[in-house]
Amino acid sequence: MALDTAADLVKAPLVHKGKVRELYDLGEHFLIVVTDRISAFDYILSPGVPDKGYVLNTLSKFWFEQTASFMNNHVVHTNVELLQEVIPDAEARELLKDRIIVAKKAERISIECVVRGYITGGGWRQYQQNGAINGIKLPEGLRKNQQLEAPIFTPAAKNDVGHDEDISIEQMSVLVGEELTRELQQRSIELYKLAHKFCEQRGIILADTKFEFGLIGNEIIIIDEIFTPDSSRYWEQGKYALDIEIDSMDKEPVRAYLAGSDWDKNSEPDELPAAVVEETSRRYKEILHRLVD
C-alpha cells in the first residue's frame, strides 16, 4: 500500500507539501517525509507507487553519505526513534522509519542546478532548434543521446508555480551573483562526475541530474534530494544507443502510459492501471538495488 501523506502521523506543523515531499517544522530543524506520491505532466497521480518514497529517501541518504567528504549537506539525522515526541505512535514510526530526514534549516538558493553529460531530453530539443543548450554553443553534428565531451551546467530559475525556466549562466549571475554562480557550477559538475563514475562501475549511465543548494550563513550545502530517479536520468548501459528514445530507469512506464492514452493533460487523469504502478515500483527498487546493495 502506498503512503499518500504523513499529515495524520506527524504532530508538527506542515509548512510545505510538495509533489512528493512534505516539510514539517520542528523548531530548530525541518522534518522531511518522502511519500509515495507520483507526478507527471504537473499532475499528482493516483494511486501512489508503493515503496517509491522509501527508495527515494534511501538513495538520497546513500548519496549524501557518499558525497559528504566533498560537500556538506542538510542531513542532521535519519533516526525516526529520536522523534517520539513528534511521531508518538510506534506503528507510525515503523511506517516512516526509512522515509524521513531531519534537516538543517537553510536559505534555499532559487536555482535548479542541472548538469548534463549526454545530449538528450529537453537539451536535445534545444540543440535541434539552435545548436545550443541554455546559451552554451555545442559542436555541430551531435546525435541524440551522445555523450558530451565534458559535462555542461545548464541552470533553471526555480518556479514554485508551473515549470522552472531554463536560463543561461549569464542570467544566473544576474540573479545570484557571479561568485555564487561559479561556485555552484563547479560544485555541480564535480558532484556529477563523482556519481557518473560510481554508476558506470555498476552498469548504469547517469545521463543528467539536478541539484538544489542552500545557504547557512556563508556556507553552501546540498539540500532536498540527490541522485534519485526523480532528480536524475538513469540508463542501463545495455540499453544505451544513439538516435533512439532510451527507456530510463524511473517513472517512464507512467509517462509512456499517459502519453499513449487519450488524456488531454488539462484535467484530472484517471487512476493508473495496476500493471503500470507495479512496473514503476519495480523500476525504482531496481535502481536502488543496483546502486546500493
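**Notebook: charges, contacts and a helix**

I began with Asp264, which is partly exposed because its relative accessibility is 45%; here buried means under 20% relative accessible area, exposed over 50%, and partly exposed in between, with a 1.4 Å probe and protein chains only. I note that the model is predicted, that local features need pLDDT of at least 70 and side-chain atom pairs pLDDT 80 or more, and that totals for chains, interfaces and linings use all residues. Residues are numbered from 1 along each chain as its sequence is written, and side-chain values use heavy atoms, with hydrogens and water left out.

**Entry 1: the negative patch**

I located Asp264 in the loop between helix H6 (252–260) and helix H7 (274–292). Helices (H or I, at least four residues) and strands (E, at least two) are DSSP runs numbered from the N terminus. I found that Asp264 gathers with Asp262, Asp270 and Glu271 in a surface patch of negative charge. Such a patch joins like charges within 9 Å, from residues with over 30% relative accessible area and no salt bridge. Asp and Glu count as negative and Lys and Arg as positive, while His and the chain ends are not counted. The place of a charge is taken as CG of Asp, CD of Glu, NZ of Lys or CZ of Arg.

I next looked up Lys251, in the loop between strand S17 (232–236) and H6. Lys251 is buried and has no salt bridge, a salt bridge being a side-chain nitrogen of Lys or Arg within 4 Å of a carboxyl oxygen of Asp or Glu. The nearest side chain of opposite charge is that of Asp230, 4.8 Å away.

Which residues does Lys251 touch, not counting residues up to four places away in sequence? I listed Ile38, Ser39, Thr280 and Tyr284, where contact means heavy atoms within 4.5 Å.

Tyr284 is found in helix H7 and counts as buried because its relative accessibility is 0%. With residues up to four places away in sequence not counted, Tyr284 touches Lys52, Val55, Leu56, Pro229, Asp230, Asp250 and Lys251.

**Entry 2: salt bridges**

I recorded 27 salt bridges in the structure. One of them pairs Lys105 with Asp25 at 2.8 Å, N to O. This pair links distant parts of the chain, 80 residues apart: Lys105 lies in the loop between strand S7 (100–104) and strand S8 (107–108), and Asp25 in strand S2 (residues 21–25). Lys105 is partly exposed, with a relative accessible area of 33%, and Asp25 is partly exposed at 25%.

I also examined Asp247 and Arg283, whose closest N and O atoms are 2.8 Å apart in a salt bridge. Asp247 is in the loop between S17 and H6 and Arg283 in helix H7, 36 residues apart. Asp247 is partly exposed at 29%, whereas Arg283 is buried at 14%.

Asp250, one of the contacts of Tyr284, forms a salt bridge with Arg255 at 3.0 Å between the closest N and O atoms. Asp250 is buried at 5%; Arg255 is partly exposed at 25%.

**Entry 3: helix H3**

Which residues of helix H3 (residues 121–130) are buried? I found Gly121, Gly123, Trp124, Gln126 and Tyr127. Their cover includes strand S9 (111–118), strand S10 (132–133), strand S14 (165–166) and S17. Gly131 follows H3 and has a positive phi, near 70 degrees.

How values were computed:
Patch = residues over 30% accessible without salt bridge, like charges linked within 9 Å, V, L, I, M, F, W, Y side chains within 5 Å. Areas by Shrake-Rupley, 256 points an atom, 1.4 Å probe, with all protein chains shown as cover.
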